[in-house]
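The following paragraphs guide the reader through one protein chain, from its overall form to a few individual residues.

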Amino acid sequence: MQRGGHKGYAVYRIVIADVRAPRDGRFTEKIGTYNPNTNPATVDLNFDRALYWVEVGAQPTDTVRNILSNEGVYLMKHLRGGVKKGAFDEATAQKKFDEWKEAKVKGFDAVRQNVAKAKKEEAAKNLEAEKKVNEDIAKKVAEKKAAAAAAEAEAAAEAAAEEQATEAPAEEAAAEAPAEA
């Protein structure tokens, strides 16, 4: 495998190289790419060339062996071995491989659907939490406004009571003054 991409986002090329070649040095053939940054990881593989190289004895690294196994290269090699030994014919081998591949694709689709469903549920959960927080904030704001309105009404009532109290002695004084005169 040869590393590509940029810092924090590695993308790898699956290559056929001589064991003596440096890690990112000269290679014989590029047979695919591997992107571990997606869920599930994305593999673009030239299946026929990978199968050819495995059949002629190429020794993959552990990671590439897992990738080839997940893509079905080793299963096809095994099935072709059965055809060569006469255990079954080529059509049966291809049928078995197609069934396996179909089950694998269904599994990947299920994983993708579960991830999408989990994201939707998480988004809905976050939205509900945000709505609750907004309701709490609105409730507190309403309480503050009600308290401010009550304080303002109380202040207005006190001012009115004070105004009546100052007017009443003035009216009494005015009423007493003409009587004395």
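What radius of gyration does the protein chain have, and what would a compact globule of 181 residues have? The model, which is predicted, gives 41 Å for the protein chain, whereas a compact globule with that number of residues would come near 16 Å. Taken along the principal axes, the box filled by the C-alpha atoms is roughly 140 × 40 × 20 Å.

Helix H4 covers residues 90-180.

The surface and the contacts of the chain come next. Of the 181 residues, 15% count as buried. The accessible surface amounts to about 13,500 Å², and carbon and sulfur atoms account for 54% of that area. When contacts between residues at least 6 apart in sequence are considered, 35% of them join residues at least 24 apart.

In soluble globular proteins, nonpolar side chains tend to be buried together. In this model, the largest nonpolar core has 17 residues, and those with the most contacts inside it are Ile14, Ile31, Leu45, Ala50, Leu68 and Val73. Two or more residues of this core come from each of strand S2 (9-16), strand S3 (29-35), helix H1 (47-55), helix H2 (62-71), helix H3 (73-85) and helix H4. The greatest contribution is that of H1, which supplies four residues.

Apart from its neighbours within four places in sequence, Ile14 is in contact with Glu29, Lys30, Ile31, Gly32, Thr33, Tyr34, Leu45, Val64 and Ile67. Two of these partners, Ile31 and Leu45, are also listed among the core residues with the most contacts.

Is Gly72 buried or exposed? Gly72 counts as buried because its relative accessibility is 0%. Beyond its neighbours within four places in sequence, Gly72 is in contact with Phe47, Phe97 and Trp100. Thr33, one of the contacts of Ile14, is 39 residues from Gly72 in sequence, and the C-alpha atoms of Thr33 and Gly72 are 16 Å apart in space.

Key. Residues numbered from 1 in each chain as written. Predicted model: local features only at pLDDT ≥ 70, side-chain atom pairs only at ≥ 80, totals over all residues. Heavy atoms only, no water. Rg over C-alpha atoms; globule rule 2.2 N^0.38 Å. Buried < 20%, exposed > 50% of the residue type's maximum accessible area, 1.4 Å probe, protein only. Contact = heavy atoms within 4.5 Å. Areas by Shrake-Rupley, 256 points an atom, 1.4 Å probe, with all protein chains shown as cover. Core = buried A, V, L, I, M, F, W, Y, C linked by side-chain atoms within 4.5 Å.
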